[in-house]
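Let's take a walk through this one, a stop at a time. Keep the viewer open as you read.

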Amino acid sequence: MTQTDQIVLPAKRRGGETLHFALRNKKLLVGAFVVLAALVLAIAGPILHDVSPTEYIGVPGQAPGGDHLLGTTMFGQDVYSQFVHGLRSTFLVGLLGGGLAAVVGMVVGFVAGYRGGWVDEILNMVTNILLVIPTLAVLIIIAAYLKVRGVMVEALFIGFTSWPWAARAVRAQTLTLASRDFVDLARLSGVRTWKIITREIAPNMSSYLFMTFILLFGGAVLAAATLDFIGLGPTDGMSLGLMMNNAVKWSALQLGLWWWFVPPGIGITAVVGALYVMNVGLDEVFNPRLRET
Amino acid sequence: MRQYFGRKALIYALTFFVAVTINWMIPRFMPGDPIQGLVARAQVADPASVDAMRAHYTNLFGLDVPWWQQYVNFWAALLRGDMGISIWAFPTPVTDLIIRAVPYTLGLLIPAILLSWWAGNRFGAFAARRKWLDNTVLPIGYLLTATPYMWLALLLAWTLAILAGIFPVSHAYSFAVQPSWSWEFLGSLAVHWVLPFSSLFLVMFGGWAIGMRNLIIYELESDYANYLQALGARSRLVRGYAFRNAVLPQITGLALQLGTIVAGALVTEIVFSYPGIGHLILQAINNQDFFLLQGAFLFIVLGVLVANFIIDVVYTLVDPRTRIRMQGNAV
Amino acid sequence: MLKLDAVAKIYKVGAFGGRTLTAVDDVGFEIRSGEVVSLIGESGSGKSTVGRMVLGLTAVTRGSITYDGADIATLPRKAYYRSVQGVFQDPFSCYNPVFKADRVFRMIKEEYFPRVAAPEWDAKIEESLDDVRLNPAQVLGKYPHQLSGGQLQRLLIARALLLDIKFLVADEITSMLDASTRIDVLNLLADLKSRGLGVLFVTHDLSLGNYVSERTVVMHRGHVVEMGLTDKVFTDPRHPYTAKLLSSVPQLTTKWDDTPAVPLDILDYGAAALVEVEPGHLVRQEQSLRSVN
Amino acid sequence: MGLRVNDLKVYYQTLRGEVKALDGVTFAVGDGEILGLAGESGCGKTTLGKSLIRMDGRMRHTGGTVELDGAELPIGDDRRMNRFRFSEVSIIPQYAMSAMNPTRKIGKMVADLLESRGLRYRNLAGELERRLDLVELPREVLGSYPLELSGGMKQRMVMVISTLLDPSLLIADEITSALDVSTQKAVARTLVGFRDRGFVRSVIFITHDISLTYQIADTIMVMYAGKVAEKARADVIVNAPRHPYTKLLISSLPEVGVRYADRKLAGIPGSPPSLLDPPTGCRFRDRCPLAHDKCAEEPPAVEVEPDHFVACWKA
């Protein structure tokens, strides 16, 4: 066996090793399956089940199983239709709000961590201040003053208020990576700062950034659900939080209309829970120390 | 040490300043005319009444003076403890309403936070590196943290209160009893407290358990744990050390989670019609009572800041490393 | 060619930058073309900081570093790096682990030779690899973890040679290598001077410094304590610190003498001056040799 | 009595298969002997050190025996091994700088450790303090946190803790590689002092630096690719090595006084074989200038002179 043969062997296996663990990680697989299933339901559900979520179309307070898969509200709206439309909003808020927060957090974190000095001092100060202010309370105030509220606007506000912890985490990672020699070597090659950040530092924490995004996604979904439940949800659409809000407002609890408030909760918990479990799975895949021995 | 806390206090003061400013800005810089909105929502048709209302609100918000004057006035009123008059419970001052609601909120929050933190950490540490527990119970922990607070509250209310009838479904005490220091009243208080407390406790418990489990795995892999094991120390000692060290980041975690936890308490109160700050906020939103809403907001911010500061102090007391670094000297 | 004149590096430390820490103070020496100068010191001596300052990776607080008479702080970065390059201690940290090792070459091409045609560039790389005695087939297209430390360090030297450099800073480049491969990298370094290159060889290992260099600079606690021809410094050390270092180096020819190690940990170099004890041999005369420990 | 290791095999479980990090190692260390264990990265020296006291989760004891003072060490059995750790076999780890719990005072940590082993801190406190004096550590360190100690102080503290119960065998794993030359000398000498005073009976001193080993070891054992290449008295290894690997290795070391301009040294071309699937026969064959057909068979370790073992057909 020659020297080169031996060296080539593990070459294919590095990328393969991650995949090897990914495909064998039950947490990752189960989590991804649940999230994908919910996503398919959110996309295809409203198309296949063409019933308006807000129209009064059936007998009020009907239990699941009859004409309506998940029954009707006490006004006769179709709960299943509300659920699939709500699920759609959930993904929208998560994707948009979580995505926006991830982008802001990364930019702030990268710049603060790499540039250092007074730029870092200021960004760090801003991050710390926003970190302590209870963002949901701010969101409540903002939403209360908005007359027309849509899912998009909600996502926007959530995105712009939930980035600080991500910025802090990215900054810490950037700090350690920036002291690595390959960054110095890139500087010695005349590479510009922004190119160093995007092409040297970011690829090294891509798995970390992805996991940050997943957590932000889950956080945005939960924050939106809370807002909607308080009665500050979309005025022109349907969401899972709004379903629960209506259910409580019209005494579904006392009337025993459990099918009105149980499904939206299951939807949120399943999506967010699956994302979290997926995240643990990913952590184990990328981080050998956490693997079971 | 003094310098450290001085710096911290400065940051908190700055944070409070920013929060108050945000609070002042939102109604003034939101698109549209808030007063127009308020008047419109009051659904008064008589033009004379509309004008009177408009004047009343403009005066109340103090919008009839230059903006910087408004800002100064706002601070001045705030420092006097004057947060305006509630519209929903006219003419009770907002401050009074909040002071009446606070004990209920704190009575739920403080025990739920402390107990879930303690129990979650213990449980997470116990489950770590014990394969059977790790694989069965921790997924439940993940589901618990992913559960929206209000939904768990709804489930508990529906199952344990409506279906099983073990606990009352709403309010802080039965209307049949008068608030007093009687056993009857306290008993009623306790029975009404159980469900909202439990739903808060359970959601938080999941989060702490998972956090601790991950942290302790890292600690058990650390050099000092390896050294102790190489010298044949019992696993009880090694796990004990790992636990103590893993608790430290969990304290920081508590500070970071406070905002979310408070939000969770608000919605839980709403489900159970529990007369705390959350209940006030709901009333404020339903009745367009912006003074009450902003008062509640400021109170929450202040509470979270104070709690953060306390956690900071506790952390410094518990972690010798921060203490030594602050003193900045070696043997 | 490269000249350091009374160079100092002072860091601000503590909250609000209240205190200062002097890492390097009053360091001055010159390196000519075709000469290897070793900069010897233990950890905390400031030797690596000097290396980083020469490479422009750390700013000089006081004094100046000039290259061919021009202050490097005023020279355009990219032009400076065309002639002056560095190789660092940890070969594994110098390569971005998510990319292939030969990416360090591509970076040079992108930044310095964007218009060179591919075949011409490949020929240049082969020539460069030949100079460091690497077989292109064995190292190109591999990930860093598939190559040995020695191969990685040679790749980095080859990378510097692509630029037609005049000066190389070699910061502890052999300390992570095994004994059997270390000497080959060291020989390579010594060969560079026959091409007219100037080399600053930063090391903690006296025998390595002695092996490759013409002149030696010994640093302790941020100060140059002794410098001169390597022969002189090693056979006739005039400063107690140099003498102590020499007596501590484990050697195969002699065993350590039995005299107990004299603690000589903190010397106060505050007002001491470098004195020329014989032509080209300078020693710091500590007026108050305070042993503080 | 001392240590007797017989045909020890310890493999690592990895995804790609078993890494035969230690593949049939036989040697002995006598009472009062310091054995220098030298070799390049990946030769199995650290695996050997770990195997003798505590294997990590991926290591498996696949064969061979270890005997200490006539009793067999159950090295593959983590639980039964506990009885021997600290009191019979002890270790100064590579990571001495971070070996102590950062949030516990050092004295408390030592007390916890001793009590966990069923010993009374009070009974050993006097001895502990005497040894602190000996390594010139102030007694106050017991009341400090590790963070408050300098690197050299931590190193000495760990040395004192590890040897407190006077173990028969001490494993010192690369304990000086993170230190400066001047500190390195002091630490290495302290170790010799511990042996001279009887705090430890035998020492296995693991290092990649042959020159350093030569300063303090009585015997040097050179390992290559999971096997013993050569073992002999320190001065014999340095001045009259018989194994080609040892010879090349020694001749590649620049000594103070050797100059490139006067005498150009050469390294050993090539690199060690992968231990996932090691070649049969002599493992140095690919890099050996003397290799011939016979080397396709595995060379046995032969005692060419008293106490001089060489595993090479040409020795």
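What follows looks at a helix pair, some strands and a few aromatic rings.

This is a predicted model, where local features need pLDDT of at least 70, side-chain atom pairs count only at pLDDT 80 or more, and totals for chains, interfaces and linings use all residues. Residues are numbered from 1 along each chain as its sequence is written, chains are lettered from A and ligands numbered from 1 in the order in which they are written, and side-chain values use heavy atoms, with hydrogens and water left out.

Start in chain B. Helix 7 (residues 149–163) of chain B packs against helix 10 (residues 235–271) of chain B at about 35 degrees, and their axes are 8 Å apart. Helices here are DSSP runs of H or I with at least four residues, strands are E runs of at least two, and both are numbered from the N terminus. Axes are lines fitted to C-alpha atoms, for helices over the stretch in contact, with angles from 0 to 180 degrees between N-to-C directions. Contact means heavy atoms within 4.5 Å, and on the helix 7 side of chain B it involves Tyr149(B), Met150(B), Ala153(B) and Leu154(B). Among their partners in helix 10 of chain B are Ile261(B), Gly264(B) and Val267(B).

Now hop to chain C. Strand 9 of chain C pairs parallel with strand 3 (residues 36–40) of chain C over four bridges; pairing takes at least two DSSP bridges. Ile40(C) sits opposite Val218(C) there. Strand 10 (residues 223–229) of chain C runs antiparallel to strand 9 of chain C, joined by six bridges, and Arg215(C) faces Leu229(C). In the hairpin of these two strands, Arg221(C) takes a positive phi near 50 degrees.

Finally, the rings: there are 23 aromatic pairs over all chains, counting Phe, Tyr and Trp (its six-membered ring) with centres within 6.5 Å; planes under 30 degrees apart are stacked, over 60 edge-to-face and the rest tilted. Phe17(B) and Trp75(B) are stacked, 6.0 Å centre to centre with 15 degrees between the planes. Phe17(B) lies in helix 1 (residues 2–29) of chain B and Trp75(B) in helix 4 (residues 67–79) of chain B, so the pair ties together parts 58 residues apart in sequence.
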